Amino acid sequence: MSAKRIAILDRELAGYTLACLRILKQNFKVVTMVFHYSPAANAPFDHGNIEGIDYTYNRKDYTFKQMLEIVEQFGPQIIKIGSWMDPAYLKIGRLYKKKGIPVIAGLNTQSDGSVGQRLYRQYVPLYLKRCIDYLWVTGDRQTAYAKKLGYNGNQIRYGLFCCDWNRFAPSFYMTENKSEDAFLFVGKYTSSKGVEDLLNAYRNYRRSADNPWKLYCAGDGVLKGKIEREPGVENFGFIQPKNLPKLMQKSKALVLPSLVETWGISIQEATAAGLPILCSDVCGAGGHLVQDNYNGFVFEAGNTDHLTESLIMMSNLSEYERNEMSEAGFELSKQFKPERWASTLMKLIGTDNNTVLAAETGNTAKLS
């Protein structure tokens, strides 16, 4: 069987994207080509040795005409678009959709009923349908938005974001628990991530607790100074994905207090690592990976008192109760693994179900 040729037109290459591409390459006979943007200043991912990509191009170095020539020479059998904000990506999608080549685009937007979204839904769907065959959503909230854009049934695929599960899961299996009494926040240091609410709630928590936990923070952003000045808080700065499992091993629970969070990949990573979760009710991943009082606590976004109460409840749990939450969350994390991502893509280009099933179960030999 000849190798399937896959073209990916993406945004910045995050660690979880590279994990999915690596598994795709390991489990299937493919040749991959990726256009991508440079990492953001407050999330400087170090790609290192990119195992899952055969040909990679920095988007800013190429005009649309140059991009199209490269893609045509490559001859893809499927195109996956990671960003609709690049008109060149959509133009290429439209050209290849006309040729009968499947085009799938990621969707991580929740329907919020805003005027902007209503206008977008009025004018954009017809154009999108000319460029994109399938929308690949992260979860149920994004599915609702995909339907409002005119996509239904098998035009919608699930599991867009899959963390580097095989990197984080060993933290759960460790026989020695080396965790410290500490909450962990992972994300950009911005207001939209709820950082100010977190600091206020943590301050209140410290006043009420006899032996308060520490608060570890991993990230970067404009609120870095406030984080570093807060008593009890330790700033680790931006952590490369390969080093994040070690920090999760040192922590007892993840807290994500976002005011705006379409998904929240850190929730996936933390459940895979066996951490109980504290997250706001706007986090898209929370709807699939966090059940209140089962593997963590869900609080109202922007409600500092509710967040404070959640911090207190988590630190007051017994070790047995936290272990129960850890095991429950770990099982939920298995919904989103890179193997699922890879098989979803391959099914769209006609790879037979036996081969896909073998890959999903970790056996790349074709089933008889």
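Reader: Hi! How many aromatic pairs does a search of the whole structure find?

Author: The search gives 15 aromatic pairs; rings of Phe, Tyr and Trp (its six-membered ring) pair if their centres lie within 6.5 Å, with planes under 30 degrees apart counted as stacked, over 60 as edge-to-face and the rest as tilted. This is a predicted model, where local features need pLDDT of at least 70, side-chain atom pairs count only at pLDDT 80 or more, and totals for chains, interfaces and linings use all residues. Residues are numbered from 1 along each chain as its sequence is written, and side-chain values use heavy atoms, leaving out hydrogens and water.

Reader: Nice. Why is the pair W136 and W341 stacked?

Author: The ring centres of W136 and W341 are 5.2 Å apart and the planes are at 25°, so the pair is stacked.

Reader: And are W136 and W341 buried or exposed?

Author: Both W136 and W341 are buried, meaning under 20% relative accessible area, while exposed is over 50% and partly exposed in between (1.4 Å probe, protein chains only).

Reader: What about W263 and F336?

Author: W263 and F336 form an edge-to-face pair, 5.5 Å centre to centre with 80° between the planes. W263 is buried at a relative accessible area of 1%, and F336 is buried too, at 3%.

Reader: Switching topic: which ring does the charged end of R5 sit over?

Author: That would be the ring of F74, with the charged end of R5 4.4 Å from its centre. The test is NZ of Lys or CZ of Arg within 6 Å of the ring centre and within 35 degrees of the ring normal.

Reader: Where does K99 lie?

Author: K99 lies over the face of Y96, at 4.2 Å from the ring centre.
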